[in-house]
Structure formats: C-alpha cells, structure tokens
Amino acid sequence: MTGSNSQIYANLTNPRRVWAIGAVHGELVALQALHAELEGRLQTGDRLVYLGNVIGRGPDSVEVVDEVISFRRRFLARPGTFVGDHVILRGAQEEMWRKLAQLQFAPGPSQVLEWMLDHGVDAVLKSYGIDANDGLGCCREGAVSITRWTTGLGVAVRSHPGHDEFFSAIRRAAFSSGGELLFFAAGIDPDRPISEQGDSFWWDMGGFSQIKETWRGYIRLVRGSDSQNHRPEMNEVTATLDGGCGFGGNLHAACFTLDGKPADWIQV
C-alpha cells in the first residue's frame with residue numbers, strides 16, 4: 001500500500017507492537033475499564049487502533065467519543081509517540097452515521113432511515129439528544145425538511161468539542177508500514193486489493209472466514225466485529241476481537257507483534 005492516501009488509510013509507521021480494540025458499540029463503562037487496564041500495559045513503540053463501531057447500539061455514544069478523545073490525549077503524550085500512532089477506523093455504525101447526513105439524497109429516505117434506526121442509529125441519535133421521530137416526519141415532508149433535519153445533526157455533533165474532528169479522522173483500514181498486519185472493522189473481499197474493498201471493510205460479506213493463509217503479504221488480519229456471532233476468535237492468520245460489547249457481552253483488545261503473534265489480551 002505504498003503511496004496510499006493518508007486521508008483514507010492509516011499507515012502505522014515502524015510499530016513495535018499494535019494494540020487493537022474491538023467494537024465498543026457505545027458502551028462507556030466497558031471502554032473506561034479497558035482504557036484503565038490498557039494504560040498500564042502500553043510500551044514504547046506501541047500503536048493503537050480502534051476497529052470501528054465505536055458508536056451505536058449502546059446508550060453512551062457521545063460519552064464514548066469523549067472518552068476516546070480523552071484517552072487519545074494521554075496516549076499521544078507518551079514520549080516518542082506521534083499523531084499517526086492513534087487510529088480510529090470506520091465500522092458499520094460510523095458509516096451509517098456518515099450516510100445519515102446525506103439522507104436527503106437517498107431514494108426512499110423513510111425506508112432508509114427506518115432501517116438505520118433498527119440497526120443502531122437510534123441509540124446514537126438519542127445520545128446526541130435528537131428525536132428520530134422528527135427525522136421520520138421530515139422524510140414525509142420532503143427534501144427541504146430532511147435537509148433542515150440533517151443540518152441539525154451536524155450542529156449537534158459540533159456542539160461537543162472534538163467530535164467533528166473525531167468523525168473527520170476516521171480511516172477505512174490500517175496497516176503496519178512493513179505490510180505485516182492489516183486492521184479493519186468487519187469484513188474483506190479476498191478477491192479484491194485493498195484499494196477496491198469499499199464497503200467490504202465495514203459490512204461482513206462472508207469473505208473474512210475464507211482466509212486461511214497469508215493474504216497479499218499480510219500475515220495477520222484483524223477485525224473488530226463479527227455481526228453474526230459476536231465472539232472473539234483467532235486462527236493462524238485472522239483474528240476477531242468482537243466480545244459482544246453493546247449486545248450484553250464483553251469488550252476485547254489484543255496486542256500483536258509484527259510476526260502476527262498475539263502478545264497481550266484484555267477482556268472487560
């Protein structure tokens with residue numbers, strides 16, 4: 001991925017180890033507990049990747065974003081740490097939130113919004129103090145009303161310091177600069193290069209389970225969400241860090257060395 005656009009992908013430069021945090025799904029207490037445990041285990045040269053679905057499902061999306069921002073400050077304050085060493089990836093929840101801001105352009109906006117509400121967006125709206133019923137009403141009134149409502153979403157985000165920057169900083173995928181480790185939210189199409197994955201990264205289409213050996217040079221592929229099983233799993237090449245956080249389960253984080261081996265694991 002040499003020459004990849006840094007606004008799309010995150011290149012983890014010369015990491016010693018990489019910590020990856022599974023899907024949080026708007027669960028503040030779990031994330032706070034994980035951060036507290038992680039802070040004592042960080043070593044010089046460590047990088048940190050949130051594997052998407054930071055928001056959604058749980059009740060605390062706003063507070064979770066605040067917590068990620070706060071921990072980012074502490075993480076980057078460590079000697080020898082740089083801005084690019086802390087990465088947030090796009091999951092299905094972040095993608096739906098991004099698409100929600102463009103609802104006025106969607107065919108059948110009422111149906112689109114209802115689907116999103118059933119899949120986690122309702123919890124994010126409530127966390128930002130926005131009534132989903134107002135959005136549904138605007139969908140019945142037409143594009144002008146929808147635009148007014150979606151403009152309000154942006155106002156709500158910007159009313160929380162750092163949140164606009166949080167969403168702007170989200171990347172599609174992350175990889176170690178030597179091409180050993182690849183991180184993404186949920187899925188991958190084994191038949192396509194990284195530059196052509198598109199939605200595959202945040203919607204699991206079943207391709208991830210097909211990978212049984214080194215893929216395009218990457219010796220470890222790590223995802224944060226398994227939408228079917230919500231359980232952690234690891235084989236020789238792939239790793240899933242979904243413990244069911246947001247669905248009544250646990251939050252997981254794992255640390256990987258550049259040979260693809262897990263060096264540490266946290267479950268809260």
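The model is predicted, so local features were taken at pLDDT of at least 70 and side-chain atom pairs at pLDDT 80 or more, while totals for chains, interfaces and linings use all residues. Residues are numbered from 1 along each chain as its sequence is written, and side-chain values use heavy atoms, with hydrogens and water left out.

Helices (H or I, at least four residues) and strands (E, at least two) are DSSP runs, numbered from the N terminus.

Strand 5 (residues 173-176) runs antiparallel to strand 6, joined to it by 2 bridges, and phenylalanine 175 stands opposite leucine 182. The hairpin of these two strands has 4 residues between them, and there glycine 179 takes a positive phi near 80°. Strand 6 also pairs with strand 7 (residues 220-223), here in the parallel sense and over 4 bridges. Leucine 182 stands opposite leucine 221 of strand 7, and phenylalanine 183 has valine 222 as its bridge partner.

Serine 200 lies in the loop between strand 6 and strand 7. Serine 200 is buried, with a relative accessible area of 10%. Apart from neighbours within four places in sequence, serine 200 is in contact with Gly187, Ile188 and Asp189, where contact means heavy atoms within 4.5 Å.

Turning to the helices, two packed helices are described by the angle and the distance between their axes. Axes are lines fitted to C-alpha atoms, for helices over the stretch in contact, and angles run from 0 to 180 degrees between N-to-C directions. Angles under 35 degrees count as roughly parallel, over 145 as roughly antiparallel, 65 to 115 as roughly perpendicular and the rest as oblique.

The axes of helix 1 (residues 28-39) and helix 2 (residues 61-76) come within 9 Å and cross at roughly 10°, so these helices are roughly parallel. Leu28, Leu31, Gln32, His35, Leu38 and Glu39 of helix 1 meet Glu63, Val64, Glu67, Val68, Phe71 and Arg74 of helix 2. This contact comprises 6 nonpolar, 2 polar and 4 charged residues (Ala, Val, Leu, Ile, Met, Phe, Trp, Tyr, Cys and Pro count as nonpolar, Asp, Glu, Lys and Arg as charged, and the others, Gly among them, as polar).

Helix 4 (residues 109-127) and helix 5 (residues 132-141) have axes that come within 10 Å and cross at roughly 170°, and the two are therefore roughly antiparallel. The helix 4 side of the contact includes Leu113, Leu117 and Leu125, and the helix 5 side includes Leu136 and Cys139. By class, its residues are 7 nonpolar, 2 polar and 3 charged.

Helix 3 (residues 92-100) also approaches helix 4, with axes that come within 10 Å and cross at roughly 105°; helix 3 and helix 4 are therefore roughly perpendicular. Among the residues that meet are Met96 and Trp97 of helix 3 and Trp115 and Met116 of helix 4.

Definitions and conventions
Two strands pair if DSSP finds at least two bridges between them. Buried means under 20% relative accessible area, exposed over 50%, partly exposed in between (1.4 Å probe, protein chains only).
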